[in-house]
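The following report is meant to be read alongside the sequence and the coordinates.

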Amino acid sequence: MKRYERFADEIAELIRSGVLKGGERIPSVRHASRTYGVSPSTVFQAYYLLEDRGLIQARARSGYFVREHAKRPLNEPDISARAGETTEVGVSELVFSVLASLRDPQTVPFGSAFPSPGLFPLPRLARSMAHAVRDMPAGAVIAEMTAGNPDLRRQIALRYMVSGVMLPLEELVITNGAMEALNLCLQAVTEPGDLVAIEAPAFYATLQVLERLKLKAVEIPVHPREGIDLDVLADSLRRLPIKACWFMSSLQNPLGASMGEAKKDALYALIEQHQVPLIEDDVYAELYFTREPPKPVKSRDRQGLVMHCGSFSKSLAPGYRVGWVAAGRFAEQVSRLKLMTTISPSVPAQAAIADYLQHGGYDRHLRKLRHTLEMQQGAMLASAARHFPASTRVTRPGGGYFLWFEFPEPVDSLQLLHLALAQGISLAPGPIFSATQRFRNCARLNHGHAWDQRSENAMALLGRMIKSF
Ligand SMILES: Cc1ncc(COP(=O)(O)O)c(C=O)c1O
């Protein structure tokens, strides 16, 4: 078999298995040639062959597209309804019991919060760790505890600069993952009993942090594509003494929503008008599928009101526990709170990541990671269209590795989890994402693992369970 025939067969297999859906653009000749290490003429010949087989079609000046013979895709969910005014948060018991049930490594990990560890350059990071620790000056192991690794801080600031945010180094606090950053930011600007505006649905750890700090939630509905409802936020800020907002403006967990640039401008104008700090959780920032990276609200921050939290956990080094916050006018307070709690993230882990950022090829790794996640998203969407009831709704995020499903009303996702676990499949049920335990007929599924026959069978099984309610 010739190289172009083999390459054509590989693309045909992606179409057959649902990785590439009807109507979707396949990689351009230049991109495919670079990504798969074949010559442009091989790609051309392969695409002509696929055209002949009726699998793809060329569109003038737009490239090649998969023909519309895929099943009709499922619809997107609507914006969530508004909850009550303010809510005491008490979800931890439910969250802990669900998370404990998801830990079995034998299950199909649709409920997991992480993508496959195989997607991270762990051997290359290990080399960076060895190199960085071997060359570390003796004094650094103590000196870097409070200030953080200077190379890492500079590399992070450089990445902000490239994405359009000019960040003075003093604003940057290195933390034990984004989770510590988010906790410290909230502590820096609230007292027990205060009101905090959060998303509905929200990342379950947000709810747990509010519960731990005895804060009350004001839930703002989220549109699955466009993010929070700004009218509801404006109204809440006008009427209630909200002390902080905690939002994800890009690739929101669990919906995957990303606000447009104009909406981010409007959000910044609102918090500026009310002088309410925004904690911007941006841990999925690097996992976009769009041509341009989304810009954080932080890029508009003229007054130091935005605390922008990031992390390497989702894009490079899960388990290293290195994150950060660009904390604006609150940097000193956040830094002191860190000294009073954990003092510092591990110095060797910081040095390893700093070395990797300088020499490891982070951007190359990210391009590959984004492409893989996008392909796997296509596979899960196609599989859901094949196996789930036609009235199921699903998000289509522009990045990340989660899909949010809204099943027909009678489906109870906590019961569904119970049934699925008995068959070796996990999922993240809707109620863990809400202070008021709504979203009973919803679930978040993870597509960050290689798509194979086992995944397909698991989707088919889930589909049968959903139809049995
Ligand atoms: C939305 C969101 N924020 C923060 C975190 C925590 O990130 P880290 O592992 O860096 O603490 C996660 C991890 O699941 C997350 O999904």
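Arginine 393 has glutamate 406 of S13 as its bridge partner, strands (E, at least two residues) and helices (H or I, at least four) being DSSP runs numbered from the N terminus. The model is a predicted one, in which local features need pLDDT of at least 70 and side-chain atom pairs count only at pLDDT 80 or more, while totals for chains, interfaces and linings use all residues. Residues are numbered from 1 along each chain as its sequence is written. S12 and strand S13 (residues 402–406) run antiparallel and are joined by two bridges, and two strands are said to pair if DSSP finds at least two bridges between them. These strands belong to an open sheet of four strands, ordered S12-S13-S15-S14 with antiparallel pairing. Its edges are strand S12 (393–394) and strand S14 (428–429), each of which pairs on one side only.

## Domains

The domain assignment divides the chain into domain 1 (3–66), domain 2 (87–118 + 364–467) and domain 3 (121–361), with bounds that come from an automatic or database assignment. Between domain 2 and domain 3, the C-alpha centres lie 25 Å apart. Their contact takes 30 residues from domain 2 and 29 residues from domain 3, where two residues are in contact if their C-beta atoms, placed from the backbone, lie within 7 Å. On the side of domain 2 that touches domain 3, strand S3 (87–88), helix H4 (92–101), H14 and S13 each supply at least two residues. H14 gives the most to that side, with seven residues. By class, the domain 2 side has 15 nonpolar, ten polar and five charged residues; here Ala, Val, Leu, Ile, Met, Phe, Trp, Tyr, Cys and Pro count as nonpolar, Asp, Glu, Lys and Arg as charged, and the others, Gly among them, as polar.

## Ligand shell

Which residues are found around the ligand? The shell is made up of Ala113, Gly177, Ala178, Met179, Phe203, Met248, Asn253, Asp281, Val283, Ser311, Ser313 and Gly323, a residue being near a molecule if its C-beta atom, placed from the backbone, lies within 6 Å of it. Six of these residues are nonpolar, five are polar and one is charged. Helix H8 (residues 177–189) gives the most to this shell, with three residues.

## Core and buried positions

In soluble globular proteins, nonpolar side chains tend to be buried together. The largest nonpolar core of this model has 136 residues, of which Cys185, Val196, Cys245, Ile279, Val325, Ile353 and Leu427 touch the most other members; such a core is a set of buried Ala, Val, Leu, Ile, Met, Phe, Trp, Tyr and Cys residues joined through C-beta atoms within 7 Å. Helix H14 (residues 362–387) contributes the largest share of this core, nine residues. Leaving aside neighbours within four places in sequence, the contacts of valine 196 include Leu186, Leu210, Val218, Ile242 and Trp246.

Isoleucine 174 has its place in strand S4 (residues 172–175). This residue counts as buried because it has 23 C-beta neighbours inside 10 Å, the classes being buried for 20 or more other C-beta atoms within 10 Å, exposed for 12 or fewer and partly exposed in between, with C-beta atoms placed from the backbone. Although isoleucine 174 and proline 345 are 171 residues apart in sequence, their C-alpha atoms are 7.3 Å apart in space.

In H9, the buried residues are Tyr204, Thr206, Leu207, Val209 and Leu210. The buried residues of this helix pack against H4, H8, S5, S6 and S8.

## Backbone geometry

Most residues other than glycine have a negative phi, and most peptide bonds are trans.

| Cis peptide bond | Omega |
|---|---|
| Alanine 200 to proline 201 | about 0° |
| Asparagine 253 to proline 254 | near 15° |

Proline 201 is placed in the loop between strand S5 (195–200) and helix H9 (204–212), and proline 254 in the loop between strand S8 (242–247) and helix H11 (261–274).

Lysine 214, which follows H9, has a positive phi near 55°. Its loop runs between H9 and strand S6 (216–223), and lysine 214 counts as partly exposed because 13 C-beta neighbours lie inside 10 Å. Isoleucine 343 likewise has a positive phi, near 65°, and is found in the loop between helix H12 (331–341) and helix H13 (347–359). With 10 other C-beta atoms within 10 Å, isoleucine 343 is exposed.
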